[in-house]
Amino acid sequence: MSTTDDSFSVPHDPIDMQRPALKERWWHIMDTWKVGIIPLPLFLLAGVLIAIDCLGGKLPSDIVVMVATLAFFGFACGEFGKRLPIVGKLGAAAICATFIPSAMVYYGLLPDVVVESTTKFYKSTNILYLYICCIIVGSIMSMNRTVLIQGFLRIFFPMLCGEIVGMIVGMGVGLALGMEPFQIFFFIILPIMAGGVGEGAIPLSIGYAALLHMDQGVALGRVLPMVMLGGLTAIIISGCLNQLGKRFPHLTGEGQLMPNRANADTSSSQPVVSGKTDVTTIASGALLAVLLYMIGMLGHKLIGLPAPVGMLFVAVLVKLCNGASPRLLEGSQVVYKFFQTSVTYPILFAVGVAITPWQELVNAFTLNNLLVIVSTVSALVATGFFVGKKIGMHPIDVAIVSCCQSGQGGTGDVAILTAGNRMSLMPFAQIATRIGGAINVSVSLLVLGNFLV
């Protein structure tokens with residue numbers, strides 16, 4: 001038998017007793033005090049290291065340093081927006097992450113080395129396209145096959161109705177304000193629905209320069225602010241729709257366009273993330289997204305279809321044909337969730353610094369412009385809401401996709417879906433932006449050319 005003699009026990013050292021408490025307290029700070037997803041101590045360390053580089057006069061633009069830089073500023077701006085009263089729940093985080101950096105650049109509040117390195121990194125790496133392809137592929141691979149095909153077949157009708165009603169309402173408001181019809185349509189309404197900057201504003205400015213015999217820079221200067229204000233309006237409306245969905249849950253599918261009916265094909269239900277996905281599966285999911293985007297790039301070279309749209313169609317085909325195993329689908333879904341939670345605000349910060357001109361936005365803030373833009377976007381979204389509901393779709397989710405019809409291209413889709421907490425709708429948002437914008441620009445320039453002849 002073994003016995004325990006307390007007389008021989010060694011007294012506990014008070015310092016040793018305090019050590020576990022201090023360790024657990026530190027761990028508690030690391031796990032619960034966060035700025036975005038970054039533990040507060042790491043956030044402060046990142047700020048100190050970035051400041052040291054800035055004081056040295058050079059901030060490297062390589063991916064290692066830029067990951068820390070974009071994360072630091074992006075999550076700081078996003079966290080600030082989230083904590084704003086009232087508007088913090090209406091998409092202010094996405095707005096702040098995009099437009100605060102733009103204002104800081106304009107007013108000289110952001111160090112020049114940060115601006116130069118961020119701009120160089122963003123434009124040289126095309127990191128936005130990596131983000132979009134991982135979001136698109138992950139969201140498609142996680143969808144129910146039946147719901148996916150029904151959503152793609154039905155989404156075009158609310159989009160078309162929304163554009164028609166939006167144009168009519170915008171024209172009506174502009175005419176009521178005494179504005180010229182030509183200016184209302186071609187320099188306010190059309191830029192809003194043109195599909196962003198690269199696919200919309202720039203082609204429009206080239207077409208206007210050729211058809212109206214004006215300088216392209218002048219045309220772009222008039223078109224670009226309308227694109228930005230339309231996108232800003234769409235972000236705010238998307239945030240409001242998200243809150244509406246929380247109040248009336250029966251109006252939303254929380255990222256699903258179509259109700260997942262009980263008689264849906266159970267074999268095609270979306271994969272469930274087990275939480276035990278191995279690293280090789282996750283890497284394979286990321287590689288699948290990249291390879292599908294490369295196929296989209298090849299399609300762009302051959303037939304001129306925008307690479308994200310080409311990739312989208314191929315991803316849908318892979319999903320419908322069961323071309324990816326359940327493990328690969330799960331890996332794609334984990335990659336999607338990683339980019340959604342960890343990369344969104346850093347990307348928006350880079351967009352704000354590199355390609356969002358603050359002065360252009362400020363110059364467009366006239367009462368007449370605002371009234372036409374807000375009425376156009378609101379009518380477009382409201383039409384999508386009611387038409388979507390009428391044809392058996394989730395109206396709030398359809399309305400958020402309709403918001404993307406007036407966004408700033410891919411960057412606008414990211415901000416709008418972030419504000420609406422519906423990143424899984426990215427495939428449909430790309431259709432609204434890329435295909436809808438391209439059709440609007442092509443048809444409008446064709447009509448303008450025939451009108452001037």
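In which helix is the place of Lys 123?

Author: Lys 123 sits in helix α5, which covers residues 112-125. A quick word on ground rules: this is a predicted model, where local features need pLDDT of at least 70 and side-chain atom pairs count only at pLDDT 80 or more, while totals for chains, interfaces and linings use all residues. Residues are numbered from 1 along each chain as its sequence is written, and side-chain values use heavy atoms, with hydrogens and water left out. Helices are DSSP runs of H or I with at least four residues, strands are E runs of at least two, and both are numbered from the N terminus.

Back to your lysine. At 52% relative accessibility, Lys 123 counts as exposed; the scale calls a residue buried under 20% relative accessible area, exposed over 50% and partly exposed in between, using a 1.4 Å probe and protein chains only. Leaving aside residues up to four places away in sequence, Lys 123 touches Ala 354 and Ile 355, where a contact means heavy atoms within 4.5 Å. Ile 29, on the other hand, is 94 residues from Lys 123 in sequence and 36 Å from it in space, C-alpha to C-alpha.

Two other loop residues are worth a glance. Most residues other than glycine have a negative phi. Glu 254 isn't a glycine, yet has a positive phi of about 55 degrees; you'll find it in the loop between α11 and α12 (279-303), partly exposed at 47% relative accessibility. Asn 322 also has a positive phi of about 55 degrees without being a glycine. That asparagine is in the loop between α13 (307-320) and α14 (326-342), and at 52% relative accessibility it counts as exposed.

Now for the inside. The largest nonpolar core has 129 residues, and Tyr 131, Tyr 208 and Leu 257 have the most contacts inside it. Helix α11 (residues 216-247) gives the most to this core, with 12 residues. Such a core is a set of buried Ala, Val, Leu, Ile, Met, Phe, Trp, Tyr and Cys residues joined through side-chain atoms within 4.5 Å. Not counting residues up to four places away in sequence, the partners of Leu 257 include Gly 151, Ile 155, Met 393, His 394 and Phe 428.

Helix α19 (residues 409-419) is mostly covered, with 11 of its 11 residues buried. Among them are Gly 409, Asp 413, Ile 416 and Leu 417. Just after α19, Asn 421 takes a positive phi of about 55 degrees.

Stepping back, the protein chain has 20 helices and two strands. Its radius of gyration is 25 Å, close to the 22 Å that the globule rule gives for 453 residues, so the chain is as compact as a globular protein of that length. That radius is taken over C-alpha atoms, and the rule is 2.2 Å times the number of residues to the power 0.38. Buried residues make up 51% of the 453. And among contacts between residues at least 6 apart in sequence, 79% join residues at least 24 apart.
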